[in-house]
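Please walk me through this structure, one piece at a time.

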Amino acid sequence: MTHVEKPTELPQKESFAGFSQPAAGSEKRIVISLVVLFGIIATAILILLYIVPYYGFSRISAHLPLIMAILTALVGAVLLGSLGVLIAVFALGRDVPFSRKLRSVAIKLLLPILVGLGRLAGFRREQVQHAFVAVNNELVLAQCRNGSPPRSVLLLMPHCLQDKDCLVKVTHQAQNCKRCGKCSIKDLLGLAEKYGVHIAVATGGTIARRIVIEVRPDLIIAVACERDLTSGIQDTTPLPVYGIFNQRPFGPCLNTRVALDRVESVLREVLPGKCGQ
Ligand code: SF4
């Protein structure tokens, strides 16, 4: 990891015992207001793109202004219609007809724009990322509740959870952990065994992608910092990723922690057959 990152300053929602609360209203409002702002700016740009060369169109052909007006209106209608569907999905916290594919495209393309717009609007990058992950998590849970439970779940953990002095190589095989209890890996292994799910520890995005290809899970529960979690969700879409931010009491990438009760609550929620355990 080469990026420089401040120790966590935002409130860590993952420390809540009851995880299944929906994304807070403030988080939804951030995401929805940024989508609306994007819609307004995109519409203004489309109108400018039509108006500025208008007289040039009429010199080329008498019909061209009308053709360009129809094309601009079509592009505008598709764009605004798509943003409207996304706003409905984010506001309701569940998919609506035709929204799932659109959501995947939006996660890949829209998030960097929303982060940029958020910064212009005075939000910190981490605020927008937290809001995005909260809304994403709500949608992932809704997808699990409304569909069949995932057959294969992967707990994808960052290497920085491991105690910095531990010499055991857990990145190749998490089960190599000697379970001394100095870091969260021991308890995470216990959770993986209890719920019959895969667990892997990744040192970065490339290894994480390789693990996902090997395990081919239906659902990933990923723990990471803001940057890695949002980029991971973007990379793996449409595969659902429930994101939990790690806690960084010693700064970035060093002896980080995760709220185990939060991880277990997610497992119980997405694996309803295990709820009695
Ligand atoms: S719990 Fe496992 S990974 Fe963590 S320090 Fe002990 S042996 Fe190492």
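**A walk through the fold**

L46 touches T72, V75 and G76, leaving aside residues up to four places away in sequence. Touching here means contact: two residues are in contact if their C-beta atoms, placed from the backbone, lie within 7 Å. The C-alpha atoms of L46 and T72 are separated by 6.7 Å, although these residues are 26 residues apart along the chain. L46 sits in helix α1 (residues 25-51). L46 counts as partly exposed, because 16 other C-beta atoms lie within 10 Å.

Some ground rules come next. The model is predicted: local features need pLDDT of at least 70, side-chain atom pairs count only at pLDDT 80 or more, and totals for chains, interfaces and linings use all residues. Residues are numbered from 1 along each chain as its sequence is written.

Now the whole chain. The protein chain has 9 helices and 4 strands. Helices (H or I, at least four residues) and strands (E, at least two) are DSSP runs, numbered from the N terminus. From that end, the elements of the protein chain run α-α-α-α-α-β-α-β-α-β-α-β-α. Of the 277 residues in the protein chain, 32% are buried. Among contacts in the protein chain with a separation of 6 or more, 66% come from residues 24 or more positions apart.

How do the helices pack? Take helix α3 (residues 64-92) and α4: their axes are 10 Å apart and the angle is about 100°. That makes α3 roughly perpendicular to α4. Axes are lines fitted to C-alpha atoms, for helices over the stretch in contact, and angles run from 0 to 180 degrees between N-to-C directions. Angles under 35 degrees count as roughly parallel, over 145 as roughly antiparallel, 65 to 115 as roughly perpendicular and the rest as oblique. On the α3 side, S82, V85, L86 and V89 take part; they meet S99, L102, R103 and A106 in α4. The residues of this contact of α3 with α4 divide into 5 nonpolar, 2 polar and 1 charged. In these classes, Ala, Val, Leu, Ile, Met, Phe, Trp, Tyr, Cys and Pro count as nonpolar, Asp, Glu, Lys and Arg as charged, and the others, Gly among them, as polar.

Helix α4 (residues 99-120) also packs with α8: their axes come within 8 Å and cross at roughly 145°. This crossing of α4 and α8 is left-handed. A crossing is left-handed if the near helix is turned anticlockwise from the far one by less than a right angle, and right-handed if clockwise. I107, K108 and L111 of α4 make the contact with T230, I233 and Q234 of α8. By class, the residues of the contact of α4 with α8 are 3 nonpolar, 2 polar and 1 charged.

Move on to α6 and helix α9 (residues 260-270). Their axes come within 11 Å and cross at roughly 15°. The two helices, α6 and α9, are therefore roughly parallel to each other. α6 passes α9 in a right-handed crossing. D187, L188, L191 and Y195 in α6 meet L260, V263, E264 and L267 in α9. The residues of the contact of α6 with α9 include 6 nonpolar, no polar and 2 charged.

Which residues of α9 are buried? They are R262, V263, E264, V266, L267 and V270. Their cover includes α5 (125-146), β1, α6, β3 and β4.

Now the loops. R179 has a positive phi of about 60°, although it is not a glycine. R179 lies in the loop between β1 (153-158) and α6 (185-195). R179 is exposed, because 12 other C-beta atoms lie within 10 Å. R216 is another residue other than glycine with a positive phi, near 50°. Its place is the loop between α7 (205-215) and β3 (219-224). R216 is exposed, with 10 other C-beta atoms within 10 Å. A cis peptide bond joins T237 and P238, with omega about 10°. P238 belongs to the loop between α8 (226-236) and β4 (241-245).

Which residues are closest to the ligand? They are D163, C166, C177, C180 and C183, among 14 residues that surround the ligand. A residue is near a molecule or strand if its C-beta atom, placed from the backbone, lies within 6 Å of it. By class, the shell around the ligand has 7 nonpolar, 2 polar and 5 charged residues.

Conventions. A residue is buried if 20 or more other C-beta atoms lie within 10 Å of its own, exposed if 12 or fewer, and partly exposed in between; C-beta atoms are placed from the backbone.
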